[in-house]
Amino acid sequence: AVVSTQSTGITNNLSTMSAEQETKSESFAKDLDVTMEGQESSGKVYRLEEVAQHNHAQDMWMAIHNKVYDVTKFIEEHPGGEEVLVENAGMEATYAFEDVGHSLDARDLLAQYYIGDVHDDDRTEKAATTETDEKGGSSTGLLMGLAVAVVAAGAFFMFGNRT
């Protein structure tokens, strides 16, 4: 019974911690404008059909957060390799960009390849860095909290019972 109470206490603490981290992460993202919405418009607007025509290593565009980037000159410098860029060439690549978890430096570097905005008819919703459920809660944060609780409980049972 004592172990069960301790495990529940760990889970409750982790759930509280997870909710606090989510709130901090959301405000951090808003403060830093990680979706690049603050980037000044060039005035040029492109349809996704046009972006799709620039889909090879010698001429590569992609749309990220409703901004269009010509990354042709960056292909050889990309730390993740050329292949990942080629896979997303000519596409709406917001999810792929966010899924990797690019640093703020990478986001700043991307700005120099900005050439315009996605046409209003082709714009997508902002890609979330975490999935939200129908009530607006984050399922990713909940799953992470649960995973940490399971690992902590497992570690406790493996190493904590040695007396």
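A salt bridge here is a side-chain nitrogen of Lys or Arg within 4 Å of a carboxyl oxygen of Asp or Glu. By that criterion, Arg 47, Asp 121 and Asp 122 are linked in a network of salt bridges. The model is predicted: local features need pLDDT of at least 70, side-chain atom pairs count only at pLDDT 80 or more, and totals for chains, interfaces and linings use all residues. Residues are numbered from 1 along each chain as its sequence is written, and side-chain values use heavy atoms, with hydrogens and water left out.

**View 1. The salt-bridge network at Arg 47.** Arg 47 pairs with Asp 122, the closest N and O atoms being 2.8 Å apart. This pair links distant parts of the chain, 75 residues apart: Arg 47 sits in the loop between S1 and H2, Asp 122 in the loop between S5 and H6. Helices (H or I, at least four residues) and strands (E, at least two) are DSSP runs, numbered from the N terminus. Arg 47 also meets Asp 121 in a salt bridge, at 4.0 Å from N to O. Asp 121 lies in the loop between S5 and helix H6 (139–160) and Arg 47 in the loop between S1 and helix H2 (48–52), so this pair ties together parts 74 residues apart in sequence. Arg 47 is partly exposed at 36%. Asp 121 is exposed at 60%, whereas Asp 122 is buried at 16%.

**View 2. The salt bridge of Arg 107 and Glu 98.** The closest N and O atoms of the pair are 2.8 Å apart. Arg 107 is buried, at 10% relative accessibility. Glu 98 is buried too, with a relative accessible area of 11%. In total, the structure holds 4 salt bridges. Side chains of opposite charge can pair when their charged atoms come close.

**View 3. The open sheet of 5 strands.** The strand order is S1-S5-S4-S3-S2, with mixed pairing. Two strands pair if DSSP finds at least two bridges between them. Strand S1 (45–46) and strand S2 (55–56) are the edge strands, each pairing on one side only. S1 runs parallel to strand S5 (residues 114–118) over 2 bridges. Within that pairing, Val 45 has Asp 117 as its bridge partner in S5.

**View 4. Two hairpins around S3.** S2 and S3 are antiparallel over 2 bridges, and a hairpin joins them through 2 residues. His 56 stands opposite Asp 59 in S3. S3 also pairs with strand S4 (residues 67–70), in the antiparallel sense over 4 bridges. There, Ile 64 has Lys 67 as its bridge partner in S4. The S3 and S4 hairpin has 2 residues between the strands, and His 65 takes a positive phi near 50°. S3 is mostly covered, with 5 of its 6 residues buried.

**View 5. The largest nonpolar core.** A nonpolar core is a set of buried Ala, Val, Leu, Ile, Met, Phe, Trp, Tyr and Cys residues joined through side-chain atoms within 4.5 Å. This core has 14 residues; Met 60, Met 62, Ile 64, Tyr 69, Val 71, Leu 85 and Leu 110 touch the most other members. Strand S3 (residues 59–64) supplies the largest share, 3 residues. Val 71 touches Met 60, Met 62, Leu 110 and Tyr 113, not counting residues up to four places away in sequence (contact: heavy atoms within 4.5 Å). A second, separate core of 6 residues includes Val 51, Ala 63, Val 68 and Val 118.

**View 6. The aromatic pair of Phe 74 and Tyr 113.** Rings of Phe, Tyr and Trp (its six-membered ring) pair if their centres lie within 6.5 Å; planes under 30 degrees apart count as stacked, over 60 as edge-to-face and the rest as tilted. The structure holds 3 aromatic pairs. Phe 74 and Tyr 113 form a tilted one, 5.5 Å centre to centre with 45° between the planes. Phe 74 lies in the loop between S4 and helix H3 (82–87) and Tyr 113 in the loop between helix H5 (104–111) and S5, so the pair ties together parts 39 residues apart in sequence. Phe 74 is buried, with a relative accessible area of 12%. Tyr 113 counts as buried at 12% relative accessibility.

Note on methods: Buried < 20%, exposed > 50% of the residue type's maximum accessible area, 1.4 Å probe, protein only.
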